[in-house]
Protein chains: 2
Amino acid sequence: MTEPRAEDALTIGVDIGGTKVAAGVVTAEGHVLARLRTETPERSKSPAVVEETIVGVVRELMREFTVVAVGVGAAGFVDEQRANVLFAPHLSWRREPLRDALSDRLDLPVVVENDANAAAWAEVRAGAGQGVDNVVVVNLGTGIGGAVVLGGRLHRGRYGLAGEFGHMTVVPGGHRCECGNRGCWEQYASGNAVTREARELVRAESPVARVLHQAVGGDADLITGPLVSELASKGDRACVEILEDVGTWLGTGLANLAAAFDPELFIIGGGVSEAGELLLGPARTAFERNLTGRGYRPTARVVAAALGNEAGLIGAAALARETLPDREH
Amino acid sequence: MTEPRAEDALTIGVDIGGTKVAAGVVTAEGHVLARLRTETPERSKSPAVVEETIVGVVRELMREFTVVAVGVGAAGFVDEQRANVLFAPHLSWRREPLRDALSDRLDLPVVVENDANAAAWAEVRAGAGQGVDNVVVVNLGTGIGGAVVLGGRLHRGRYGLAGEFGHMTVVPGGHRCECGNRGCWEQYASGNAVTREARELVRAESPVARVLHQAVGGDADLITGPLVSELASKGDRACVEILEDVGTWLGTGLANLAAAFDPELFIIGGGVSEAGELLLGPARTAFERNLTGRGYRPTARVVAAALGNEAGLIGAAALARETLPDREH
C-alpha cells in the first residue's frame with residue numbers, strides 16, 4: 001500500500017471552545033469534507049472528559065476517512081512545544097499534556113495549538129487575510145481569543161502564550177474575569193459581555209428590554225448571544241445598543257493593539273462577529289476615534305473573518321499537516 | 001586614501017527626546033568616544049529648529065572624528081522606510097522628511113528610527129538584553145517609548161509604528177494625553193506622571209507633601225522627576241508613594257504587554273527608571289499580581305536598562321552602521 005500524496009492526504013482539525021467541540025476532516029486546500037459538533041460537557045470540563053470527547057469525535061470521523069494527522073485548537077494557553085495546555089480559563093485544565101495523551105490513544109501525530117492561533121492561521125491561509133503579512137486576529141467567542149501573524153508567521157511568543165488579548169486590562173477594577181483579574185477586555189467585548197448585559201437588563205425588568213424580556217418569557221438565563229444578535233437585526237433598540245457598546249469596547253481595544261503591533265489588517269472572528277455590521281460598525285468608529293496618531297498614519301483595516309466558526313478546525317488541520325515530518329506540505 | 005575598515009569606522013548617534021538632543025560618536029562595539037547634549041528648544045520645537053540643532057551637534061562632533069553615517073532616534077512615529085517622522089506628540093512635527101533633509105545637509109548616509117526602537121536595539125546588542133531573542137523594552141521618559149524585539153529582530157510593524165505602548169488606553173476617560181486620547185498609559189507611568197502628581201500635591205498644599213513643598217519653595221513648577229526620585233531615595237514618604245503609584249501603573253501595563261507579546265524579558269529604561277527599585281519593586285509586584293495565567297506560565301523577567309540615557313544614541317549609531325550598503329558590519 002502506498003502512502004497518499006501529501007496534497008491528497010487528509011487531516012482532522014478539532015476546535016475546543018468554552019462550550020463546544022467541533023471537528024472536521026479537511027483537505028490540503030482547506031475544504032471540510034465532513035464535520036462533527038458536540039457540546040463541551042457542561043458539568044465536568046475535566047481534562048479526562050474533554051480528552052474522551054476529542055477521541056470520540058476523531059474516531060467517529062476516521063470511520064469514513066483515512067487521515068494522517070490531527071490538529072487540536074484549544075481555548076487555553078498552549079506551551080511553545082504545542083504539546084501541553086498550561087491553563088484554560090474556561091475549562092478546568094492545568095498543565096495538561098494533551099498532545100501526547102491524544103497521540104497515544106489515536107496512534108497519529110497530533111499538534112495542539114491555541115484555538116485563536118489556529119483560527120488565525122486558517123484566515124491567513126484560506127480566509128480574510130490571504131496575502132497579508134501583518135495581521136492581528138481577534139475572535140469573540142465566550143471570551144476573546146487573539147493571534148498575531150507578523151511577517152507571514154504566527155507569533156507564538158517566547159512561551160507560546162502571545163495573543164492573549166482578552167486578558168489585557170481595559171477597565172481598572174472592572175468586571176471580575178475567570179482569569180483572576182478584573183477589567184479584562186473580554187469582560188467587555190465578548191459573547192459573555194453580550195449575554196451579561198442583556199441578562200442584567202431583563203433581571204432588572206428594565207423598560208428598555210421589553211422585547212428581550214418577552215423573547216425569553218422573563219427568564220434571563222435563556223438569553224444567548226445569537227438571540228441578542230437576532231433581535232438587534234430586527235431592530236430592537238436595546239439589543240442594538242448592547243452590540244454597539246460591545247463593538248465600541250472592541251474598537252477601543254483594537255486601537256490599543258494597533259499602538260502595540262501596528263498591523264495592516266484586523267480580522268474579527270468568533271460567534272459574536274456574526275452580528276456583522278451591528279458590531280463592526282461601532283467597532284470601526286471607536287477604533288478610528290481612539291487610534292493614536294490618527295490622521296498622521298495609515299489606518300489598519302478592520303474586517304470580518306471569512307471562514308466562520310470552522311476557522312478553528314480548518315486552521316488546526318492545516319497546522320497538523322504542516323507539522324508532519326518528511327512530507328511535502 | 002583608503003576607507004577605514006568597517007570595524008574601525010565610527011558612526012554618530014543622535015537621540016531627540018521631548019526635552020533634549022543627545023549625540024555621540026560611537027564605535028562598532030558600542031563605546032561612546034565623545035558626546036554632546038543640548039536642550040530641545042523650548043519655545044519652538046518646529047522641524048526647522050530641531051533639524052538645525054541636529055546638524056549643529058553632528059558638525060561639532062565631526063570636527064574631531066571622521067564618521068561614515070548618522071543615526072537619529074526621534075521621539076515620534078517614524079515610517080517603515082525609516083525616513084520620515086509622521087507624528088511626534090511631544091514635538092510639533094507632522095510628516096517631516098527628516099532623513100533626506102539631514103543627509104543632504106551632512107552629506108552622509110542617515111537613518112531615522114523611533115527613539116525607543118533605537119534604545120531597545122542598543123540594549124539588545126550591548127546592554128541588558130544581550131542573548132535574549134524576545135524582549136519588550138519600555139522607556140519611561142517624558143512619555144513612554146516602547147520597542148519589541150521578536151526572534152532577535154526589531155518588530156517595526158507594518159507601517160513602522162509598532163511599540164507605541166504609551167498610547168494604549170489604561171484608564172477609560174482618564175487623563176488627557178497630547179496624542180488626543182484620554183487615559184493613555186504614559187499619563188500614568190512616565191516622567192510627566194511623576195511631576196504631575198507631585199505638583200498637584202504641592203499646589204494643593206497637601207500636608208503629606210511638606211518636604212516637596214519646602215524643596216521647591218512652594219513653586220510647584222520647579223518640581224522635576226529627578227527631584228522626586230532624590231527625595232524618595234532619602235525616604236520622603238510622599239515621593240516614595242508617587243513612585244510606587246507610577247511603578248504600579250508600570251507593572252499593570254507590563255502585564256497587558258505580556259498577555260499580548262509573551263516576551264522572555266522586559267527592559268525598563270528612560271530617565272524615570274533611574275529611580276531604580278523604588279520604581280521597579282512596585283512594578284514587579286503589580287506585574288506579577290496582574291499577569292494573566294500567573295502560576296501556570298513562566299513569568300517574564302523585569303530588569304532595568306543597562307545603558308542609561310545613552311542607549312538611544314548608541315542604538316541609533318548601531319542602526320546607522322548596520323544600514324550602510326556594501327560594508328561588513
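Trainee: Over how many bridges do β2(A) and strand β3 (residues 32–39) of chain A pair?

Mentor: This is a predicted model, in which local features need pLDDT of at least 70, side-chain atom pairs count only at pLDDT 80 or more, and totals for chains, interfaces and linings use all residues. Residues are numbered from 1 along each chain as its sequence is written, while chains are lettered from A and ligands numbered from 1 in the order in which they are written. Strands (E, at least two residues) and helices (H or I, at least four) are DSSP runs numbered from the N terminus, and two strands pair if DSSP finds at least two bridges between them. For β2(A) and β3(A) the sense is antiparallel, and the number of bridges is seven.

Trainee: Which residue in the turn between β2(A) and β3(A) has a positive phi?

Mentor: The two strands form a hairpin with five residues between them. Within β3(A), Thr38 of chain A stands opposite A:Val21. The turn residue with a positive phi, of about 90°, is A:Gly30.

Trainee: Which residue of β2(A) stands opposite A:Asp15?

Mentor: Strand β1 (residues 10–16) of chain A runs antiparallel to β2(A), joined by six bridges. A hairpin of three residues links β1(A) to β2(A). Opposite A:Asp15 stands A:Ala22.

Trainee: Why is strand β2 (residues 20–26) of chain A largely enclosed by the rest of the structure?

Mentor: A residue is buried if 20 or more other C-beta atoms, placed from the backbone, lie within 10 Å of its own, exposed if 12 or fewer do, and partly exposed in between. The strand is largely enclosed because, of its seven residues, the number buried is six.

Trainee: Which element gives the most to the side of chain A that touches chain B?

Mentor: Residues are in contact if their C-beta atoms, placed from the backbone, lie within 7 Å, and 38 residues of chain A are in contact with 38 of chain B. The elements giving two or more residues to this side are β6, β7 and α7 (237–261) of chain A. With five residues, the element that gives the most is α7(A).

How values were computed: Contact = placed C-beta atoms within 7 Å.
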